[in-house]
Amino acid sequence: TVCAGTALHLDGQSALAAARGSVFPASSSVTSFTVEAWIFPNQAGSIIATDDAYDLVLALNVPTSEPGIAFTLWDSQANKTDLVEFGGIPLSGWTHVAAMFNSTNKEMSIAINGVLGMNRKVFAPTGFLSHPSIDFTVGGNGGNDGYFDGDMDELRISSVARYQADFTPAPTFRVDAATVVLYHFDEPPGS
């Protein structure tokens, strides 16, 4: 549960969590999905979650020092499309972030604290990037893209574009028919 005293703490230096292989989408076929989490960042400019087909990043608008969300989708030819929304993310405070891809209208979208961003991008690939050597990671990718500094809770990946209008984010996510994976991060440290 968000703010209940347990969350995944990431140090911004080298800490990350990984699952061997891809979580979702697990093939190159183009399908709708949502990746969402509650984040408590201490600084911007780092990976929230990444898999072979997407990156969800806590971005930083350098001229204004304003944090935001960057959502990148990779096609089967390793070409990328980026969507960025700035604003509404305080440092050292809990924020719900969600990135969605709707395979019906080929639209990428971002929601911050339940408010859908004004920006949208069309992503119309023949397939998603699918590479067996790329693992699903939370908090970093082991490369030069930056490690998440802060806490993360309630990370869920769904097989639908979950939010089509503004919404009130649930403090605790529940498994439903569209849930592919759900991490509550409620375990005590070190378990």
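Student: With which side chain does the side chain of Arg156 make a polar contact?

Tutor: Keep in mind that this is a predicted model. To read a polar contact, look for a pair of N or O atoms within 3.5 Å. Here the side chain of Arg156 makes such a contact with the side chain of Tyr163, at 3.4 Å. A polar atom of the Arg156 side chain also lies 3.1 Å from the backbone oxygen of Arg174.

Student: Is Arg156 buried or exposed?

Tutor: The cut-off for buried is under 20% relative accessible area. Arg156 has 6%, so it counts as buried. Its place is in strand β13. Leaving aside neighbours within four places in sequence, Arg156 is in contact with a list of residues including Thr34, Val35, Glu36, Phe173, Asp176 and Leu182. Thr179 is on that list too; Arg156 and Thr179 are 23 residues apart in sequence, yet their C-alpha atoms are 7.1 Å apart in space.

Student: Let me try another polar side chain. Which backbone nitrogen lies 2.8 Å from a polar atom of the side chain of Asn102?

Tutor: That of Thr104. Asn102 is found in strand β8, residues 95-102, and with a relative accessible area of 15% it is buried. Not counting residues up to four places away in sequence, Asn102 touches Ser32, Glu107, Ala161 and Gln164.

Student: How many bridges join β4 to β5?

Tutor: Four, between β4 (residues 46-50) and β5 (residues 54-61), which run antiparallel. A hairpin of three residues joins the two strands.

Student: And on the β6 side, how many bridges pair β5 with β6?

Tutor: Eight, again in the antiparallel sense, with β6 covering residues 66-74. Val57, for instance, has Ala70 as its bridge partner in β6. β5 and β6 also form a hairpin, this time with four residues between them, and Ser65 in the turn has a positive phi of about 60°. As for cover, seven of the eight residues of β5 are buried.

Student: What about the nonpolar core: which residues touch the most other members?

Tutor: The general idea is that in soluble globular proteins, nonpolar side chains tend to be buried together. In this model the largest nonpolar core has 34 residues, and Ile48, Ile69 and Leu73 touch the most other members. Strand β3 (residues 33-41) gives the largest share, four residues. There is also a second, separate core of seven residues, among them Ala98, Met100, Ala161 and Phe167.

Student: How many aromatic pairs does the structure hold?

Tutor: It holds 10. A pair of aromatic rings is described by the distance of the centres and the angle of the planes. Take Phe33 and Tyr54: their pair is tilted, 5.2 Å centre to centre with 40° between the planes. Phe33 lies in strand β3 and Tyr54 in strand β5, so the pair ties together parts that are 21 residues apart in sequence. Both Phe33 and Tyr54 are buried.

Student: Is the pair of Phe123 and Phe128 stacked or tilted?

Tutor: Stacked: 6.1 Å centre to centre, with 15° between the planes. Phe123 and Phe128 are both buried as well. Ring pairs link Phe33, Tyr54, Phe71, Phe101, Phe123 and Phe128 into a cluster.

Student: One last case. Where does Phe148 lie?

Tutor: In the loop between β12 (136-138) and β13 (149-158). Phe148 has a relative accessible area of 0%, so it is buried.

Notes
Residues are numbered from 1 along each chain as its sequence is written. This is a predicted model: local features need pLDDT of at least 70, side-chain atom pairs count only at pLDDT 80 or more; totals for chains, interfaces and linings use all residues. Side-chain values use heavy atoms; hydrogens and water are left out. Buried means under 20% relative accessible area, exposed over 50%, partly exposed in between (1.4 Å probe, protein chains only). A polar contact is a pair of N or O atoms within 3.5 Å; within protein, one must be able to donate a hydrogen and the other to accept it, and residues adjacent in sequence count only if both atoms are side-chain atoms. Contact means heavy atoms within 4.5 Å. Two strands pair if DSSP finds at least two bridges between them. A nonpolar core is a set of buried Ala, Val, Leu, Ile, Met, Phe, Trp, Tyr and Cys residues joined through side-chain atoms within 4.5 Å. Rings of Phe, Tyr and Trp (its six-membered ring) pair if their centres lie within 6.5 Å; planes under 30 degrees apart count as stacked, over 60 as edge-to-face and the rest as tilted.
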